[in-house]
Amino acid sequence: LRRLELLTAEEAAQVQAASPLPEQVRAVVDVLASKGSQASQSLQSFIETSNSQLYLHITVYEPMVQKHLESLQSSYGNGLEPGALQRLSNLLLVEGLTDIQQKEHDILQVETTKGLPNVSKSIPLEKLFLPLSKVSIPPRISVTVGVAGIGKSTLVRLFVRTWAKGDINRDIMLVLPLTFRELNTYEKLSAERLICLAFPHITEPGCISAGAARTLLILDGLDEFKTPLDFSNAVVCTDPKKEIQVDNLITNIIRGNLLQEASVWVTSRPAAARQIPGGLVDRMTEIRGFGAAEMKDFLDQMFLDNRDLSSQVLKHIRANRSLHVLCTIPGFCWISGSSIAYFLKHCSDQSQDVAVVPRTLSEIYSYYFKMALSGDWLEKPRETLRIEQAVNTSKKLVGSLGRLAFYGLLRKKHVFYEQDMKAYGIDLSLLHSSLSTRLLLKEDMQTSTAYYFPHLTIQEFLAALYYYTAAKRAIFDLFTESGMSWPKLGFLNHFRSAVQRALQAEDRQLDIFVRFLSGLLSPQVNKLLCGWLLVKDEHSGFRSQAVSILQGCLNTNHAISSRAVNTMHCLQEIQHTDIAKAVEEAMRSESLAGMLTPTNCSALAYLLQVSDVCLEETNLSNCLTYNVCKSLLSQLLFCRSLRLDNNQFKDDVMELLGSVLSVKDCQIQRLR
């Protein structure tokens, strides 16, 4: 403050040209620069009204901010995915969550919408926390959603790095990035202690809670938080020094009872984001997946030294419509690209019956696990590890990690800590081997170490491997971890139990697990993993009965839901393709009339998502009745171009179609 008083008008003008300046300092400098000799009197009156805030800016904020910037630049300077800058620089501006985002598994969301969000508005990253118009105010609570592996944490890293360099949002003095992974390690916290624990160099946490400096608090990964947020019953707290349960702390921050002046940015998978009441969210955005050019660039970066391999991988992905849609997710694209590249590099070494390009999810992940467990990784030469030692080590590791993955999946738990490792008998020494770095990642934090799977689907595949192996000898229900249940003997009883649990689960979080479990019964997967994780030909005794169990789930007269579509995916995974092939052939020859039984309707709904026949136009002419149309309604939503002519429809069907066209999820653009 004394230094500012001594400035001449010329010196003040020089300072005025420098930027950025805190708002209060700029106000004083403006007075000095404009009023010259009269500045002293004007300054004195200004000092009287804003002495404390000005003092904070000069003596506390600026040194604190400088240390904070240096800390962020060292922590967030690297580690961005190839092409992240271009894809994440524009987010989709959405008006709340759609029904499918709230109710379906992440993979099913992408499959159903074909990776094409039904949104036309976008917002640049640099405007994410700015008003949308001159008469609106900046959002206080912003939520960004995206499916697993789409790049939510990458987006946070990109924003923090760009802000720390001074390229965007210079009006924000402090950006405080926190992860729910770290918050899981605390039971109770106050708002001020939360800031001090996460950022020890911030010496005045009170300035944040008092709102003296514009602050952005980032809470990354709500879906990884150990406790569901309960806004209805949360204890109200307005004291920033009072320690309360961490979940209550978060709800009070979001409600505005604590850190009222701070902006808050939450990232989450869609299903978890619905915990935050829509009325509290000022702005919701969504991360889009890869476009065609971005997918090619991503694979080129993966195989930087072998562009020919990159082209072959992309060709195989594009040849499989279902796989191509899922590869719009960067995390899934990386796993699929790695697996297909591994196949292409080794297909000449394999017998003719095994050398089939992976097409199903289970085949993709079987190659991934075989690659990871054999030590044959793309970036490094083959490790000299005796095959017997590799098999024994991999079986032990996959067995213990699989149990952790399965029971974690049941509890919706995706981040684990050292106490979890010990509880499930996981040898921590094995986790430091090159073997496990492809299956479980490790993150050292201030107070503990967190472990997590590279992608949600890797946890689900491990869970299915564990369940498949354990079900052959278990005498009690495996879904009851304590073991206290009615006796349940035989693999098929356990398989039926898993299918029924998945069908009954409201959150649909077991759908992909059941797909993988079905896929482990396919002949192709058995050939790939026999000797490693499976016994040769053991699937043959169960496969036909498992197919019957799955087909039994399709014989219903109810509306064809995503559950039926997922059951069709299970049949594809198990390599029972007769139903889908028959319906697809009828679609090609336009002879569906009279064929659409409940089972065939399920196959049709499945084909609407994956078949090339429906790529340009879905032709359902001259084959639908009122009841069939009604049962397929929820699946017809996502057909961009739909032909329904010559179906002898009456007014009641027109009312149905009218209701569909007004649904938020509806993607129909052309209707005949």
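**Exercise 1. Aromatic pairs**

How many aromatic pairs does a search of the whole structure find? Then classify the pair of phenylalanine 180 and phenylalanine 225.

*Solution.* 
- Step 1. The search of this predicted model gives 26 aromatic pairs.
- Step 2. Take the rings of phenylalanine 180 and phenylalanine 225. Their centres are 5.0 Å apart. That meets the pairing cut-off of 6.5 Å.
- Step 3. Check the angle. The planes stand at 50°. Stacked needs under 30 degrees, and edge-to-face needs over 60. The pair is therefore tilted.
- Step 4. Phenylalanine 180 is in helix H9 (residues 180-183), and phenylalanine 225 is in the loop between strands E6 (215-220) and E7 (244-245).
- Step 5. Phenylalanine 180 has 1% relative accessibility, so it is buried. Phenylalanine 225 has 8%, so it is buried too.

**Exercise 2. The largest cavity**

Describe the largest cavity: its volume, its lining and the helices that supply it.

*Solution.* 
- Step 1. Count first. The structure holds 7 cavities of 30 Å³ or more.
- Step 2. The largest has a volume of about 70 Å³.
- Step 3. Read the lining. It consists of Val499, Ala502, Leu503, Arg508, Asp511, Val514, Leu550, Arg563, Asn566, Thr567 and Cys570.
- Step 4. Sort by type. The lining residues divide into 6 nonpolar, 2 polar and 3 charged.
- Step 5. Assign helices. H22 (491-504), H23 (511-519) and H26 (562-573) each supply at least two lining residues. H26 gives the largest share, 4 residues.

**Exercise 3. Arginine 508**

Is arginine 508 buried or exposed? Which side chain does its own side chain meet in a polar contact?

*Solution.* 
- Step 1. Locate the residue. Arginine 508 lies in the loop between H22 and H23, and it is one of the residues lining the largest cavity.
- Step 2. Its relative accessible area is 3%, so arginine 508 is buried.
- Step 3. Its side chain makes a polar contact with the side chain of glutamate 104, at 3.0 Å.
- Step 4. Leave out residues up to four places away in sequence. Arginine 508 then touches Lys103, Glu104, His105, Leu108, Ala502, Ser562 and Arg563.

**Exercise 4. Positive phi**

What is phi of lysine 412, and what is phi of asparagine 646? Where does each residue lie?

*Solution.* 
- Step 1. Most residues other than glycine have a negative phi.
- Step 2. Lysine 412 has a positive phi, near 60°. It is in the loop between helix H19 (387-410) and strand E10 (415-417).
- Step 3. Asparagine 646 has a positive phi near 60°. It lies in the loop between strand E14 (641-643) and helix H30 (651-661).
- Step 4. Check accessibility. Asparagine 646 has a relative accessible area of 51%, so it is exposed.

**Exercise 5. The whole chain**

How many helices and strands are there in the protein chain? What percentage of the residues count as buried?

*Solution.* 
- Step 1. The chain has 30 helices and 15 strands.
- Step 2. Of its 672 residues, 55% count as buried.
- Step 3. Take contacts between residues at least 6 apart in sequence. Of these, 73% join residues at least 24 apart.

How values were computed:
Residues numbered from 1 in each chain as written. Predicted model: local features only at pLDDT ≥ 70, side-chain atom pairs only at ≥ 80, totals over all residues. Heavy atoms only, no water. 1 Å grid on protein atoms, 1.4 Å probe; cavity = no way out; pocket = protein on both sides within 12 Å on 5 of 7 lines; lining within 4 Å. Points joined across faces, edges and corners; volume = space filled by probe spheres on them. Nonpolar A, V, L, I, M, F, W, Y, C, P; charged D, E, K, R; others polar. Buried < 20%, exposed > 50% of the residue type's maximum accessible area, 1.4 Å probe, protein only. Polar contact = N/O pair within 3.5 Å; in protein donor to acceptor, adjacent residues only side chain to side chain. Contact = heavy atoms within 4.5 Å. Phe/Tyr/Trp six-rings, centres within 6.5 Å; stacked < 30°, edge-to-face > 60°.
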